[in-house]
Amino acid sequence: IATNQFYLERTGVGAVLLVNTSNNLLIGKTTQANTTYKLDVNGKVRANEIVVNTTGADFVFADDYKLNALAEVESFVKSNKHLPGIASAAEMTEQGMEVGELTKTLLQKVEELTLYIIEQQKQIDSLKANTAK
């Protein structure tokens, strides 16, 4: 451990807490493979609340947003086994996922589903009106 690092060790356990030369906080470890992370934990993390900065997905409701035809979505899902714009399970397993970006993308998918449902309801209402005549 370098002299300009703060290090806390518990006997028989090893490294408990380390602030390294990059001013990153390491918990349960003494080295860091990727120093871009300001917090690096060897183990599970539990919190009562975590706030992630994100932008939301209101762009889906803009007049110029291109909603893919459901047939295109179906074709993509059949070929790729995941939704367009969402990483595959294999990619998530290998690379992890950025929580803010995933949250925004999932919200985008929910908003797209809402638009599909609205359009389908219009079609249902139209069919009902035509049938009632």
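Here is a walk through the structure shown above, from the whole chain down to single residues.

The model is a predicted one, so a few ground rules apply: local features need pLDDT of at least 70, side-chain atom pairs count only at pLDDT 80 or more, and totals for chains, interfaces and linings use all residues. Residues are numbered from 1 along each chain as its sequence is written, and side-chain values use heavy atoms, with hydrogens and water left out.

Let's begin with the overall fold. The chain holds four strands and three helices, and along the sequence they come in the order β-β-β-β-α-α-α. Here helices (H or I, at least four residues) and strands (E, at least two) are DSSP runs, numbered from the N terminus.

Now step back to look at the outline. The C-alpha trace spans about 85 × 30 × 30 Å along its principal axes.

What share of the 133 residues counts as buried? The figure is 20%, where buried means under 20% relative accessible area, exposed over 50%, and partly exposed in between (1.4 Å probe, protein chains only). The chain exposes about 10,500 Å², with carbon and sulfur atoms supplying 55% of that area; accessible areas come from the Shrake-Rupley method with a 1.4 Å probe, and for residues only the protein chains shown count as cover. Turning to contacts (heavy atoms within 4.5 Å), 29% of those between residues at least 6 apart in sequence join residues at least 24 apart.

Gln108 is buried, at a relative accessible area of 15%. Beyond its neighbours within four places in sequence, Gln108 touches Ala57, Phe59, Val60 and Tyr65.

Two of those partners deserve a second look. The structure holds one aromatic pair. Phe59 and Tyr65 form this pair, which is tilted because the ring centres are 5.9 Å apart and the planes stand at 55 degrees. For reference, rings of Phe, Tyr and Trp (its six-membered ring) pair if their centres lie within 6.5 Å; planes under 30 degrees apart count as stacked, over 60 as edge-to-face and the rest as tilted. Phe59 is partly exposed, at 38% relative accessible area, and Tyr65 is also partly exposed, at 23%.

Next, move to the strands. Leu25 belongs to strand E3, residues 25-27, and is partly exposed with a relative accessible area of 28%. Apart from neighbours within four places in sequence, Leu25 contacts Leu17, Leu18, Val19, Lys38, Leu39 and Asp40. Of these, Asp40 is 15 residues away along the chain from Leu25, and their C-alpha atoms are separated by 6.3 Å.

Most residues other than glycine have a negative phi. Asn23, however, has a positive phi near 60 degrees; Asn23 sits in the loop between strand E2 (14-19) and E3 and is exposed, at 59%. Lys81 also has a positive phi, near 65 degrees. Lys81 lies in the loop between helix H1 (70-80) and helix H2 (89-95), and is exposed with a relative accessible area of 68%.
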